[in-house]
Amino acid sequence: MSFKLITIDNAVLLEAMEKLMAYTEAFAKKL
Amino acid sequence: MRKDILDTLKQEPPVLSPPVPVVPIMMHYPTIFKAGSLYNTLPIFDVYIAGLTMEKLIKDYGGGDDVIEGQEKVSDQKAKLAYDILDKYPKVFTVVPEKNVRSRMNICFTISDGKEAEYLKGAADQGLQGLKGHRSVGGIRISNCKFCFPF
């Protein structure tokens, strides 16, 4: 798996934050 | 460094009153020159990325005050996304700072019953990296400016 460090593109960063918080919410629901 | 440029610069860093250097000494060309470029080594990669970021901001928002305001809106939007979810599950997540002093840049929280390791593992399984809190504090830290995820 390759990774790209995101510091520039707002659209990509926003997408990453959405993905992270979707995971976070799913984690909370599971507990 | 071109000497004709160097000669046009003040040989001592200009200082404000109260005494604060206008240009950080480590970025003052004559100081760097006198020290044979060894006064301080800049974090070159960081400077490079900062340059790219600033170029992109100017391109996106057209320069002027809109650059700051435009980026501020996006940063607020991302931070709100995170805090809204964390606040929605107060029995699971505890945001470390009080609400009125929360950071937009570093979103720090703990998880009930010490479930941080489980959270981190699940995140890593989805390619979400760089979320472990500071080594002296623990918990989770979401950096609003950078974390890694796979492409």
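Is Val92(B) buried or exposed, and how many other C-beta atoms lie within 10 Å? Val92(B) is buried, with 21 other C-beta atoms within 10 Å. A residue counts as buried if 20 or more other C-beta atoms lie within 10 Å of its own, as exposed if 12 or fewer do, and as partly exposed in between; the C-beta atoms are placed from the backbone. The model is predicted: local features need pLDDT of at least 70, side-chain atom pairs count only at pLDDT 80 or more, and totals for chains, interfaces and linings use all residues. Residues are numbered from 1 along each chain as its sequence is written, and chains are lettered from A and ligands numbered from 1 in the order in which they are written.

Val92(B) sits in the loop between H4 and S1 of chain B. Helices (H or I, at least four residues) and strands (E, at least two) are DSSP runs, numbered from the N terminus. Contact here requires C-beta atoms, placed from the backbone, within 7 Å. Val92(B) and Lys115(B) are 23 residues apart along the chain, and their C-alpha atoms are separated by 9.1 Å.

Chain A has 1 helix and 1 strand. Of its 31 residues, 19% count as buried. Helix H1 of chain A (residues 10-30) packs with helix H4 of chain B (residues 65-88): the axes come within 9 Å and cross at roughly 5°. Axes are lines fitted to C-alpha atoms, for helices over the stretch in contact, and angles run from 0 to 180 degrees between N-to-C directions. H1(A) and H4(B) are therefore roughly parallel. Angles under 35 degrees count as roughly parallel, over 145 as roughly antiparallel, 65 to 115 as roughly perpendicular and the rest as oblique. From H1(A), the contact includes Leu13(A), Leu14(A), Met17(A) and Met21(A). From H4(B), residues in the contact include Val74(B), Leu81(B), Ala82(B) and Ile85(B). By class, the contact of H1(A) with H4(B) holds 8 nonpolar, 3 polar and 3 charged residues. Ala, Val, Leu, Ile, Met, Phe, Trp, Tyr, Cys and Pro count as nonpolar, Asp, Glu, Lys and Arg as charged, and the others, Gly among them, as polar.

H4(B) also packs with H3(B), at an angle of about 95° and with the axes 9 Å apart. That makes H3(B) roughly perpendicular to H4(B). Leu57(B), Ile58(B), Asp60(B) and Tyr61(B) in H3(B) meet Asp66(B), Val67(B), Gly70(B) and Gln71(B) in H4(B). This contact divides into 4 nonpolar, 2 polar and 2 charged residues. H3(B) (residues 44-61) has 18 residues. Its span from first C-alpha to last is 26 Å, close to the 26 Å expected at 1.5 Å a residue. The expected span is 1.5 Å times one less than the number of residues. Of the 18 residues of H3(B), the number buried is 0, so H3(B) lies largely in the open. Gly62(B) follows H3(B) and has a positive phi, near 80°.

Arg104(B) lies in the loop between strand S1 (93-95) and S2 of chain B. Arg104(B) is partly exposed, with 15 other C-beta atoms within 10 Å. Beyond residues up to four places away in sequence, Arg104(B) touches Ser75(B), Asp76(B), Ala79(B) and Asn144(B). Arg104(B) and Glu72(B) are 32 residues apart in sequence and 9.8 Å apart in space, C-alpha to C-alpha.

Backbone features also occur in loops of chain B. The peptide bond from Ser17(B) to Pro18(B) is cis, with omega near 0°. Pro18(B) is in the loop between helix H1 (3-8) and helix H2 (29-34) of chain B. Ser37(B), in the loop between H2 and H3 of chain B, has a positive phi near 65° in a residue other than glycine. Ser37(B) is exposed, with 10 other C-beta atoms within 10 Å. Asp113(B) has a positive phi of about 60° although it is not a glycine. Asp113(B) counts as exposed, with 8 C-beta neighbours inside 10 Å.

The domain assignment of chain B, automatic or from a database, gives domain 1 (3-34) and domain 2 (44-143). Their C-alpha centres lie 36 Å apart.

Notes: Two residues are in contact if their C-beta atoms, placed from the backbone, lie within 7 Å.
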